[in-house]
Amino acid sequence: MEFYTLASGSSGNCTLVCAGNSLLLIDAGISCRRIEQSLKALGLALGDLSAVFITHEHADHVGGLATLTKKCTAPVYVTRGVSHVLTCPVVAFTAGDALELSSCTVRSFSISHDAIDPVGYRIDAPDGSLGFLTDTGFVTDAAREALLGVDALLLEANHDIAALQNGPYPYFLKRRVLSSEGHLSNDAAAEFALCAVRSGTRDILLAHLSKENNTPELAEYAVARALQSAGFPVRLGVAPRDTMSEVHLCRRSPSFAAAN
Ligand SMILES: [Zn+2]
Ligand SMILES: [Zn+2]
C-alpha cells in the first residue's frame, strides 16, 4: 500500500491511497480539476477511483466533492451526521464502523473537532497499514486505540502554540484552534508520534500545517526531537501545502514484526 497527499492545510486537503486494486481518496478539499490533474500525473484517471472517504464537512475537506461526484461514480463514504449536511449522493456509516473493500479494510474512529460527527481512518491491506488523523483538538481514546501499530501515519501538526498565541489570529480564532475541538499542536503531534513509533510506526507524514501559525521546520523539529529518545529509524516528513507529496509506502517493518 502507498499514499500521496495531493494537498494539505487549511486551503484544502486530499490524500490518495493505493491499496492493491483499490484506489481511495481521503477528503476532497481541492477542486475536482486539481484532483484530476494529480491523478493524471500518476497515470490515473477519476474513473479509476474505488471510493472516497470524507473525514468531516468543513470546506477544506469537501470543497471539490460536489463536482467530483458528478464526474466519477466512486461511492462517497461519510458519517451519518455528515450525510445530513451534504447535498451530493453519499453512503452513510456510523463512526467506528469498518468497511471492507476488495483489497483493504477501512476503519473509522471518532475524533474531537468542531464539526458534525468527524472521524479519522485506519486502512489495513495485506502488505501494511496506514493511519490518518487530522482536524482534532486532542488524540481521542478511539484514535489511540485504532492507530496502535500502524506502519505509516499521516498526522496533523497544525500549529506552534507560541506562534499561534503571538500571531495575527483574532482572539476567538486562537481559542477555537487551541480548544479540545480545534487542531493538534506540534507538541501534541510529537507526543502521539512517539507513542506511534513505540508501537511500530516507521513513516510519519506531518499534515494540515497552519500557514499563519506554523512552519514545516518548526513542526518537523518538534516531532524529530521527541522521536530521538525512541531511537528507532523513522521516516519523518511534512506534507506540502499546495503540491503532491512524494510517495509514502505503508510496509510492515520486518524488524518490528520479528521483535513482537
Ligand atoms: Zn481541516
Ligand atoms: Zn476541520
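## A tour from the zinc pair to helix α9

Start by selecting H208, in the loop between β12 and α9; helices (H or I, at least four residues) and strands (E, at least two) are DSSP runs numbered from the N terminus. You are looking at a predicted model, where local features need pLDDT of at least 70 and side-chain atom pairs pLDDT 80 or more, while totals for chains, interfaces and linings use all residues. Residues count from 1 along each chain as its sequence is written, chains are lettered from A and ligands numbered from 1 in the order written, and side-chain values use heavy atoms, without hydrogens or water.

H208 has a positive phi of about 55° although it is not a glycine. Its relative accessibility is 2%, so H208 counts as buried (under 20% relative accessible area; exposed is over 50%, partly exposed in between, with a 1.4 Å probe and protein chains only).

**Next, select ligand 1.** This zinc ion has the protein donors D60 (OD), H61 (NE2), D135 (OD) and H208 (NE2), at 2.1 to 2.2 Å. Donors are N, O and S atoms within 2.8 Å of the metal (3.2 Å for Na, K and Ca); water is not among the atoms, so sites may look incomplete. Angles among the 4 donor atoms run from 92 to 167°, and the site is irregular.

D135 sits in the loop between β10 and α5 and, with a relative accessible area of 1%, is buried. D135 also shows a positive phi of about 55° without being a glycine.

**Move to S108, in strand β8 (residues 105-110)**. What lies 2.9 Å from a polar atom of the S108 side chain? The backbone nitrogen of G96 does. S108 is buried too, at 4% relative accessibility.

**Finish on helix α9 (residues 216-228).** Which residues of α9 are buried? They are A219, A222, V223 and L227. These cover an arc of only 130° around the axis, which puts them on the same side of α9; the arc is that of the directions from the helix axis to the C-beta atoms. Turn to the other side of α9 and you find E217, Y221 and Q228 exposed.

Notes
Polar contact = N/O pair within 3.5 Å; in protein donor to acceptor, adjacent residues only side chain to side chain. Tetrahedral: all angles 85-135°; square planar, octahedral: opposite > 155°, others 65-115°.
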